[in-house]
Amino acid sequence: MEEIRLEAVTINKEYDGTKEEAREQVSQFLEEAGDGIKPEYTKQVDEDGDVINKEIRGYTRQSDIWWTSIAILVISNPNGVIQFIKWAKDIPGLTMGLTMQGNSRIKLFSDNDFTFIDSSTEYNIEKLGEVDDEVAVKMSEETWRQLRDDIDTGEVDVELPPEDQIGP
């Protein structure tokens, strides 16, 4: 199975803590999650090639953003995305950012919005699972671009997924 890359992020206005505290919370999640979810690490090595420092890696961005990248999680099962979202919903300001599986995007929609999108013949989406009143779906990059354009122009009257409301 193709791996899923999920970016754990904090929304700066909503998260009450530091980047290090958020990484510690993600580390606790990883301990509970088991072997199906692994973080990517940034490593420093000495001249002998021995690791002297290792920390969970987030994305490095060059622009002003409204959120902070905490960790890149490599997930071997779509249920791992649901597992992360269920865990993160109890921590205000900690959420899912960009999430991809190959050239597919994984997005969250309200149950009502998912039903509306799914009933349309224009969009090819796959339901992965539910968390409270949100549905995680997988779609191709092309489908995501078309759907986002349709949402932006008002052709489709649904809310942008929460992770797409984070940045400017």
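Helices (H or I, at least four residues) and strands (E, at least two) are DSSP runs, numbered from the N terminus. On that basis Glu-141 is placed in helix H4. The structure is a predicted model, in which local features need pLDDT of at least 70 and side-chain atom pairs count only at pLDDT 80 or more, while totals for chains, interfaces and linings use all residues. Residues are numbered from 1 along each chain as its sequence is written, and side-chain values use heavy atoms, with hydrogens and water left out.

**Nonpolar cores**

- A nonpolar core is a set of buried Ala, Val, Leu, Ile, Met, Phe, Trp, Tyr and Cys residues joined through side-chain atoms within 4.5 Å; buried means under 20% relative accessible area, exposed over 50%, and partly exposed in between (1.4 Å probe, protein chains only).
- The largest nonpolar core has 29 residues, and those with the most contacts inside it are Leu-6, Val-26, Phe-29, Leu-73, Val-81, Phe-84 and Trp-87.
- Two or more residues of this core come from each of strand E1 (4-11), helix H1 (19-33), strand E5 (67-75), H2, E6, strand E7 (104-110) and strand E8 (125-131).
- The most is given by H2, with 6 residues.
- Apart from this core lies another, of 14 residues, among them Val-135, Met-139, Ile-151 and Leu-160.
- In soluble globular proteins, nonpolar side chains tend to be buried together.

- Contact means heavy atoms within 4.5 Å.
- Leaving aside neighbours within four places in sequence, Leu-73 is in contact with Ile-4, Arg-5, Leu-6, Val-26, Phe-29, Leu-30, Ile-37, Lys-38, Pro-39 and Phe-84.
- Val-26 is found in helix H1 and counts as buried, at 0% relative accessibility.
- Not counting residues up to four places away in sequence, Val-26 touches Ala-8, Ile-70, Ala-71, Leu-73 and Trp-87.
- Between the C-alpha atoms of Val-26 and Asn-124, which are 98 residues apart in sequence, the distance is 32 Å.

**Largest pocket**

- On a 1 Å grid over the protein atoms alone, a pocket is an open set of points where a 1.4 Å probe fits, with protein on both sides within 12 Å along at least five of seven lines; lining residues have an atom within 4 Å of a point.
- The largest pocket holds about 270 Å³ of space, where grid points are joined across faces, edges and corners and a volume is the space filled by probe spheres set on the points.
- Its lining has 17 residues, of which Lys-89, Leu-94, Thr-95, Glu-134 and Pro-162 lie nearest the centre of the pocket.
- Helix H2 (78-88) and strand E6 (94-101) are the elements that give two or more residues to this lining.
- By class, the lining divides into 10 nonpolar, 2 polar and 5 charged residues; Ala, Val, Leu, Ile, Met, Phe, Trp, Tyr, Cys and Pro count as nonpolar, Asp, Glu, Lys and Arg as charged, and the others, Gly among them, as polar.

**Helix H3**

- In helix H3 (residues 111-119), the buried residues are Asp-113, Phe-114 and Ile-117.
- These residues lie on the same side of H3 because they cover an arc of only 100 degrees around the axis, the arc being that of the directions from the helix axis to the C-beta atoms.
- On the other side of H3, Asn-112 and Ser-119 are exposed.
- The cover over the buried residues of H3 includes E7, E8, strand E9 (134-140) and helix H4 (141-153).

**Further polar and charged residues**

- Glu-141 is buried, with a relative accessible area of 15%, and touches Met-100, Asn-103, Ser-104 and Arg-105, not counting residues up to four places away in sequence.
- Asn-79, in helix H2, is partly exposed, with a relative accessible area of 47%.
- The C-alpha atoms of Asn-79 and Ala-136 are separated by 9.5 Å, with the two residues 57 residues apart along the chain.
- Asn-53 belongs to strand E4 (residues 51-56) and is partly exposed, with a relative accessible area of 37%.
- Thr-42, Lys-43 and Gln-44 are touched by Asn-53, not counting residues up to four places away in sequence.
- Asp-90 is found in the loop between H2 and E6 and is exposed, with a relative accessible area of 58%.
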